[in-house]
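Student: I would like to learn how to read the features of a model like this one. Please take them one at a time.

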Amino acid sequence: PAGVSFKTDIVVIGAGQAGLSAAYHLKQAGLAPGRGFVVLDENPAAGGAWQFRWPSLTLSTVNRIHDLPGLAFADTLESRQTSVQASQAVPHYFALYEERFQLPVYRPVQVQSVTSHGERLKISTDRFSLLAQGIINATGTWNAPYVPDIPGRERFQGRQLHTHDYHTAAEFSGQHVVIVGGGISALQLLDEISHVTRTTWVTRQEPWFRSGVFDEEAGRAAVKQVEDRVRQGLSPKSVVSVTGLPFTPAVQAMQERGVLHRLPMFSAITEQGLVWDDGRELQADVILWCTGFRSSLDHLDPLFLREEGGGITLTGRLATQVARDPRIHLVGHGPSASTIGANRAGRAAASELITQLNLPSR
Ligand code: FAD
């Protein structure tokens, strides 16, 4: 019931890769499920945002999904085929994971706000409220698709959609689709859609394809750049802005098919299409915004964690702890917004929060 309050030590909000990693480490440290910690997730089923990924995103087209601690992803696959949809294989893995480690995940429970309640934090949900000593926030980005505010957007008479709502290329057949965005999702969807219909690719900046190997060291250097930003209270940058785009065989094939030609960002949208500053116009039937996501953090607004510029200053070993309120950690955010980053951040947040709150642990 909505009015009832329960007490626990730590609430993990979100059961994606980041939340499950944190929950695993809280349990390993000896916190009791229920009294010691709970996990709340607003989705009706396991899988974090992976359950919503488009059907053509398969295990062969994802970058890489890292194992959660303690159970290998490969061991949970019914078939080793890479054609398996990520939206099925990952939720299956997460469901087995929650069961294997008996993690106390409550769903569907939507956290609506977190407020300070003296020494404690009050977590209000659509079903009940909780009083906790600390929070590990792992709410991801899927619920916060970002579309830039271009003049005339509401006037366009064609269809506009975001990566978040994409299902399949086939539905665009016979239409001129403008794909906006310079990230990996934009490239993948451009590839798919350009096989069935006419496309135009628009990016704010000249796409930057990285050369050479992208090894662990390069990955660490990229993460460090984003980490430096959040330690200074700046908003995190997109991963591609620091890593560049991979030049894969699929991208090479796109180049050979002539679909990689890119136009700069348009300055306005009309009923029929796009207009550039130099007066150039282009008719379009569909605008597909592959313009990324922001962190889903609205429920934390009552805590005033943001700096004037809009970022949240993070501190701690892996920059997960909120400087303005050390009872709160953000995982899967900024430098840890990847499956490997989420794993590491979950671990660091669990151990730092246990120490910070002086909770008994093994
Ligand atoms: P999520 O998986 O989004 O989980 C967040 C959970 O929080 C959800 O279950 C949601 O229901 C819940 N939640 C949100 N708000 C609330 C609320 N208010 N109350 C309760 N619950 C809430 N990373 C890689 O490493 N490799 C890849 O190949 C890769 N491909 C990607 C492809 C796409 C299209 C996208 C968008 C991202 C990709 N990433 C990839 C990034 C990666 O998916 C995430 O960074 C990583 O999985 C960490 O997820 P998470 O736990 O932070 O979030």
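Student: Leaving aside its neighbours within four places in sequence, which residues is glycine 30 in contact with?

Tutor: First, the ground rules. This is a predicted model, in which local features need pLDDT of at least 70 and side-chain atom pairs count only at pLDDT 80 or more, while totals for chains, interfaces and linings use all residues. Residues are numbered from 1 along each chain as its sequence is written. Two residues are in contact if their C-beta atoms, placed from the backbone, lie within 7 Å. Beyond its neighbours within four places in sequence, glycine 30 is in contact with Ser361 and Arg362.

Student: Where is glycine 30 found, and is glycine 30 buried or exposed?

Tutor: Elements come from DSSP runs numbered from the N terminus: helices are H or I of at least four residues, strands are E of at least two. Glycine 30 is in the loop between α1 and β3 (37-40). For burial, one counts other C-beta atoms, placed from the backbone, within 10 Å of a residue's own: 20 or more is buried, 12 or fewer exposed, and in between partly exposed. Glycine 30 has 12 such neighbours, so it counts as exposed.

Student: How many helices and strands does the protein have?

Tutor: The count is seven helices and 19 strands. The radius of gyration, taken over C-alpha atoms, can be set against the globule rule, 2.2 Å times the number of residues to the power 0.38. Here it is 21 Å, close to the 21 Å that the rule gives for 362 residues, so the protein is as compact as a globular protein of that length. Along the principal axes, the C-alpha atoms fill a box of roughly 65 × 45 × 40 Å. Of the 362 residues, 38% count as buried. Among contacts between residues at least 6 apart in sequence, 72% join residues at least 24 apart.

Student: Which residues have the most contacts inside the largest nonpolar core?

Tutor: In soluble globular proteins, nonpolar side chains tend to be buried together. A nonpolar core is a set of buried Ala, Val, Leu, Ile, Met, Phe, Trp, Tyr and Cys residues joined through C-beta atoms within 7 Å. The largest one has 64 residues, and those with the most contacts inside it are Ile10, Val11, Val12, Ala22, Ala23, Ile136 and Val331. Helix α7 gives the largest share of this core, seven residues. Apart from this core lies another, of 23 residues, including Ile193 and Leu274. As for isoleucine 136, its contacts beyond four places in sequence include Ile10, Val12, Ala22 and Leu353.

Student: What is the order of the strands in the open sheet of five?

Tutor: Two strands pair if DSSP finds at least two bridges between them. The order is β9-β16-β10-β11-β12, with parallel pairing. At the edges are β9 and β12 (262-263), each pairing on one side only. Four bridges link β9 (residues 159-162) to β16 (residues 286-289), and arginine 159 has valine 286 as its bridge partner there. Strand β10 (residues 177-180) is joined to β16 by four bridges, with valine 180 opposite tryptophan 289. Four bridges also join β10 to β11 (residues 199-202); one of the bridge pairs is valine 177 with threonine 199. In β10, Val177 and Ile179 point one way and Val178 and Val180 the other, and all are buried.

Student: Which residues does the cis peptide bond join?

Tutor: Backbone torsions are read residue by residue. The cis bond joins arginine 107 and proline 108, with omega about -10 degrees. Proline 108 is in the loop between β4 (105-106) and β5 (111-117). Turning to phi, asparagine 358 has a value near 60 degrees, positive in a residue other than glycine. Asparagine 358 is in the segment after α7.
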